[in-house]
Amino acid sequence: MTNLLKRRLALLASEQARPLLLQGLRGIERETLRVTAGGHLATTPHPPALGSALTHPQITTDYSEALLEFITPAEHDIATALTQLDAIHRYATDMLGQELLWSQSMPVPLPPEEEIPIAWYGTSHIGMIKHVYRRGLALRYGRAMQCIAGIHYNYSLAESLWPLLQHEEGASGCLRDYQSESYIALVRNFYRTNWLLMLLFGAAPALDAGFMRGHEHQLQRLSDDTLYLPHATSLRMSDLGYQNNVQAGLVPPYNTLPEYMRSLARAVRQPHAPYVAMGTRRDGEWVQINTNVLQIENEFYASIRPKRVIASGERPLEALCARGVQYIEVRCMDVDPFSPVGISLQTARFLDVYLLYCTLQQSAPTSHAEGIENATNFSLAVKEGRRPGLALRRHGIAVPVQAWGRELLDEMEAVAALLDAQHGGTEHADALRAQRGKLADLDTTPSAQALEAIRRHGSFAAFGLAQSRLHAENFRSRPLTPAQRQAFAAMAEASLAEQATMEATQSGSFDDFILHYQARTPAQLCEQPCTQ
């Protein structure tokens with residue numbers, strides 16, 4: 001344990017700071033495909049009973065009209081957020097009739113590309129730009145790739161903790177910058193160790209053979225319609241998933257927030273020849289927002305993002321540069337096929353321990369060479385994480401993956417104890433103990449358990465459908481109360497009304513709107529002086 005970690009843990013254990021540990025915020029975004037009762041992609045429109053995908057605060061769509069995204073409010077206790085996520089699932093399941101929520105990160109057997117429906121958000125300018133962005137994703141990466149689902153975990157410390165930490169450490173400068181750079185330090189530590197999350201929680205070792213669509217690959221055949229890698233943890237996070245060679249090296253080492261911002265701002269301004277050849281319009285319709293490396297900042301596929309809540313119409317870069325980092329979003333977590341809502345409370349408790357550890361631990365500046373080492377470790381973990389004798393590189397030295405994992409868990413013990421002391425009980429220590437068990441026996445990891453279940457069912461699709469039906473039965477066996485149903489129905493109705501108002505009251509042309517949006521691409525926003 002570093003001296004910095006010891007000092008920070010001692011500060012957080014003080015009478016003044018300890019209550020603040022429970023004042024941070026947690027939230028979950030869970031993606032899931034709507035599928036038919038027989039396990040095929042649903043091609044029906046987004047159900048009106050679920051409200052407007054544009055304006056509903058908790059139920060929306062991601063890439064495809066069939067790819068639902070459930071969003072919990074930010075809560076101080078992740079258990080509360082999970083209770084709300086469960087309620088969203090129960091309401092959606094009730095409204096979907098015979099359709100099911102897909103239980104896996106990798107998609108069902110998909111129809112031809114042109115039959116995968118792109119999400120539609122209505123005719124308002126905001127709705128249309130969301131749709132055009134997704135048209136661009138289809139052109140650039142293909143529609144099948146955009147049907148992969150995941151869990152996003154949003155995490156922040158209490159705002160009132162940052163001035164205490166800054167004062168204790170005698171850090172100069174304004175609070176906004178101290179907080180932002182502390183979150184960037186968290187991100188650096190995350191990239192150094194995120195392979196551990198893949199080993200412990202990766203749950204996508206196989207996929208439907210049709211997903212590859214004739215592309216070359218190194219996967220092995222498990223059955224006639226299932227491909228896999230024998231020691232993989234998460235094919236979703238491999239180069240089969242949300243990876244794009246155009247983005248390789250796009251963002252330099254995460255050493256300061258301005259560096260990160262300038263890199264993204266450059267990418268949304270820099271033309272890319274293949275995208276230029278595609279153009280922005282076909283037959284008079286917009287098919288992508290622009291022809292640059294990134295259409296918008298969110299096209300940068302990262303396993304973690306520094307974030308700030310944005311105002312309507314505001315760009316993420318504008319918000320970050322103007323007001324600094326507010327929270328981080330972990331994006332590498334697979335959907336847990338054995339959990340009805342895609343993530344268990346025990347997993348979430350561990351994430352809280354791990355992310356607080358990444359925040360408090362020493363975080364030296366990184367380098368390009370370390371970035372390559374981190375990326376290589378991550379790639380090995382997702383493709384070969386359970387391979388006997390696997391070793392990763394730490395500062396150029398080979399370290400057995402299980403030994404390194406045990407070292408990290410040892411260092412997290414004090415963090416878990418601190419959280420349990422304030423929260424009450426032993427849930428964080430128990431979550432840590434459960435991960436030790438996985439490290440001791442890699443056959444107990446979710447990826448190994450999923451692979452065994454796929455073998456028993458005969459194929460990836462059969463296992464996915466069986467789990468989807470099982471989860472649907474779980475949700476239907478616990479119907480919402482009349483008051484809960486009414487609250488969701490009212491939320492849906494209000495969201496539809498809000499979308500209708502937006503469409504009825506907007507002015508100007510969409511062409512002018514999209515050109516104005518592009519003109520607002522930030523270039524020097526991070527040079528704004530800090531006044532906080």
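Predicted model: local features only at pLDDT ≥ 70, side-chain atom pairs only at ≥ 80, totals over all residues.
How do the residues of the lining of the second largest pocket divide into nonpolar, polar and charged?

View A. By class, the lining residues divide into four nonpolar, eight polar and seven charged. At least two residues of the lining are supplied by each of α5, α11 (368–384), β13 (391–394) and α12 (401–423), and the largest share, four residues, comes from α12.

**View B. Helix α4 (residues 161–169) and the elements that cover its buried residues.** The buried residues of this helix are L161, W162, L164, L165 and Q166, and what covers them includes α1 (3–12), α5 (175–193) and α10 (345–360). Just after α4 comes G170, whose phi is positive, at about 65°.

**View C. An open sheet of three strands in the order β6-β8-β7.** The pairing in this sheet is antiparallel; β6 (206–208) and β7 (220–223) are the edge strands, each of which pairs on one side only. From one strand to the next, the twist averages 35°. In general, strands of a sheet pair through backbone hydrogen bonds, either parallel or antiparallel.

**View D. Pairing of β7 with strand β8 (residues 226–228).** These two strands pair in the antiparallel sense over three bridges, and within this region S223 stands opposite T226 in β8.

Technical notes: Residues numbered from 1 in each chain as written. Heavy atoms only, no water. Buried < 20%, exposed > 50% of the residue type's maximum accessible area, 1.4 Å probe, protein only. Contact = heavy atoms within 4.5 Å. Pairing = 2+ DSSP bridges. Axes fitted to C-alpha atoms, helices over the stretch in contact; angles between N-to-C directions. Nonpolar A, V, L, I, M, F, W, Y, C, P; charged D, E, K, R; others polar.
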